[in-house]
Amino acid sequence: MDKIDSNSIKILAFLYDADSKTVREIMNKFQLHAESKRDYIYTLLEYFVDEGYLGIITDQNRYVLRHNVRSYAHECALNNRESILPTYSVYLLPAGRAIVENNRRNKWYFLAPLAISIISAVISVGSLLYQVFDNAPILVELMSR
């Protein structure tokens, strides 16, 4: 698996929670309406299809997957049409799901030890304070003698 940036992971995670979403829904969710951002999402989706992370369903119910994305892009270029349109549906394949799950798991691998360390430190400080303040009357009595 290639290293994928956090914005791309967010898009994959958005798709992870649904069976499929249209390209327009992705663009609306992540506010990708400008021309340059539209080109970015189209390029990103094509990359994900090429890597086997996503599948695309065209308006003609044609499935575009890793094994036929090149021929589909070539066919679109020959017919002078875009390979991805806002009405096309996008869905995650197992490789894309694995990336999202791995990313979520890695967050827990970082957060769990950190949480345990913080809880341990709080308990230690609390125990120390309890010992100091619990023995305070005895210390005052010893020092006053």
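Which residues of H1 are buried?

1. The model under review is a predicted one. In it, the buried residues of H1 are Ser 8, Ile 9, Ile 11, Leu 12, Ala 13, Phe 14, Leu 15 and Tyr 16. Because eight of the eleven residues of this helix (residues 6-16) are buried, H1 is largely enclosed by the rest of the structure.

2. The largest nonpolar core has 31 residues, of which Leu 12, Val 23, Ile 41, Leu 54 and Val 90 touch the most other members. Two or more residues each come from H1, helix H2 (23-29), helix H3 (35-51), strand E2 (54-57), helix H4 (69-78), strand E4 (89-92) and helix H5 (94-134). The greatest contribution to this core is that of H1, with seven residues.

3. Leu 54 deserves a separate comment. When its neighbours within four places in sequence are left aside, Leu 54 is in contact with Leu 12, Leu 15, Leu 45, Phe 48, Val 49, Val 90, Tyr 91, Leu 92 and Leu 93.

4. The length of H3 can be checked by calculation. At 1.5 Å a residue, its 17 residues should span 24 Å, and the end C-alpha atoms are 24 Å apart, which agrees. After H3 comes Gly 52, with a positive phi near 90°.

5. H4 may be read in the same manner. Its buried residues include Val 69, Tyr 72 and Cys 76. These cover an arc of only 65° around the axis, so they are on the same side of H4. H3 and E3 are among what covers the buried residues of H4. The exposed residues Arg 70, His 74, Ala 77 and Leu 78 are carried on the face of H4 turned away from its buried side. Just after H4, Asn 80 has a positive phi of about 55°.

6. Six salt bridges are present in the structure. Which residue forms a salt bridge with Arg 62? The partner is Glu 75, and the closest N and O atoms are 3.0 Å apart. This pair links distant parts of the chain, 13 residues apart: Arg 62 is in the loop between E2 and strand E3 (63-64), whereas Glu 75 is in helix H4. Glu 75 also meets Arg 81 in a salt bridge, at 3.2 Å from N to O. As to accessibility, Arg 62 is partly exposed, with a relative accessible area of 26%. Glu 75 counts as partly exposed at 29% relative accessibility, and Arg 81 is partly exposed at 37%.

7. A further group of charged residues should be noted. Arg 38, Asp 39 and Glu 82 are linked in a network of salt bridges. Within this group, Arg 38 forms a salt bridge with Asp 39, their closest N and O atoms being 3.9 Å apart. The relative accessible area of Asp 39 is 38%, which means that this residue is partly exposed.

Definitions and conventions. Residues numbered from 1 in each chain as written. Predicted model: local features only at pLDDT ≥ 70, side-chain atom pairs only at ≥ 80, totals over all residues. Heavy atoms only, no water. Buried < 20%, exposed > 50% of the residue type's maximum accessible area, 1.4 Å probe, protein only. Helix = DSSP H or I, 4+ residues; strand = E, 2+ residues; numbered from the N terminus. Core = buried A, V, L, I, M, F, W, Y, C linked by side-chain atoms within 4.5 Å. Contact = heavy atoms within 4.5 Å. Salt bridge = Lys/Arg side-chain N within 4 Å of Asp/Glu carboxyl O. Arc of directions from axis to C-beta. Expected span 1.5 Å × (residues − 1).
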